[in-house]
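Visitor: I have a structure to go through with you. Could we take it step by step?
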Amino acid sequence: ASIALMLSLVDGKGGLAELAKEKERARLCKAPGATGGIATTITSSAGESLYVGSNTLDPGRRHVLTWVGGGGPDGPATQWELIPAEDLGGAPLFRIKNLGQQEFLYVGSNTLPCGQRRRVLTWIGGGAVEGATGVWEVHAVGGFTFKLRNYEKGEYLYVGSSSLDPNRRLALTWIGGGEVEGDAGLWRIPGLCV
């Protein structure tokens, strides 16, 4: 009985191993910056960096993509600032701004031809996106893995299965109701704690 008790103290709920993981996670959490935001990268469960390139949909909107190929973009194009939406109560609601383009992430209003998906874009027009299409609910899954759900549309951000070209995929939201199946809707956001 004493061996079982010792094992439960080490590996059980509230055990030493769980406490050590939480302590390490707290150590790795980033403190908010001067704007109250947290600058970090966002990577899909497949290891594809979420980024903003030079491709535009039109003069006011830019495509948000993931990089499939090796090497890929780095630097400010892959850096994002998660800013608590204080006007809506703050975390877990965030506005997400690309640090390379200084543009906010949002969900487009038009659906793709299949009727089940929308493009995720950044607003070129300057400033935050009006309304709640630019606000994201960030739900912790475990560690630094999260699901991102658009606050206004109720749709989850995910990586589409078809590629734009050999190196890029469109970031999309799922209109089909409910969560995205599998790992396509999971995002690693180092340093974010909600």
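Visitor: Which residues have the most contacts inside the largest nonpolar core?
Guide: They are I42, V64, W80, L82, I96, W136 and L192, in a core of 23 residues. A nonpolar core is a set of buried Ala, Val, Leu, Ile, Met, Phe, Trp, Tyr and Cys residues joined through side-chain atoms within 4.5 Å. Strands β3, β5, β6 (93-98), β7 (103-111), β9 (136-142), β10 (145-150) and β11 (156-165) each supply at least two of its residues. Another core, of eight residues, lies apart from it and includes Y51, Y156, Y158 and L170.

Visitor: What should I know about the model and the numbering?
Guide: This is a predicted model, in which local features need pLDDT of at least 70 and side-chain atom pairs count only at pLDDT 80 or more, while totals for chains, interfaces and linings use all residues. Residues are numbered from 1 along each chain as its sequence is written, and side-chain values use heavy atoms, leaving out hydrogens and water.

Visitor: Back to L82, then. Where does it lie, and is it buried or exposed?
Guide: L82 lies in strand β5 (residues 79-84), and it is buried, with a relative accessible area of 0%. Buried means under 20% relative accessible area, exposed over 50% and partly exposed in between, with a 1.4 Å probe and protein chains only. L82 and R95 are 13 residues apart in sequence, yet their C-alpha atoms are 5.9 Å apart in space.

Visitor: How many helices and strands are there?
Guide: The protein chain has two helices and 13 strands. Both are DSSP runs numbered from the N terminus: helices are H or I with at least four residues, strands E with at least two.

Visitor: Which way do β3 and β4 pair?
Guide: Strand β3 (residues 49-58) and strand β4 (residues 61-67) pair in the antiparallel sense over six bridges; pairing requires at least two DSSP bridges. The two strands form a hairpin with two residues between them, and D58 has R61 of β4 as its bridge partner.

Visitor: What about R62: buried or exposed?
Guide: R62, also in β4, is buried, with a relative accessible area of 10%.

Visitor: Which side chain does its side chain make a polar contact with?
Guide: The side chain of R62 makes a polar contact with that of E103 at 2.8 Å. Such a contact is a pair of N or O atoms within 3.5 Å; within protein, one must be able to donate a hydrogen and the other to accept it, and residues adjacent in sequence count only if both atoms are side-chain atoms.
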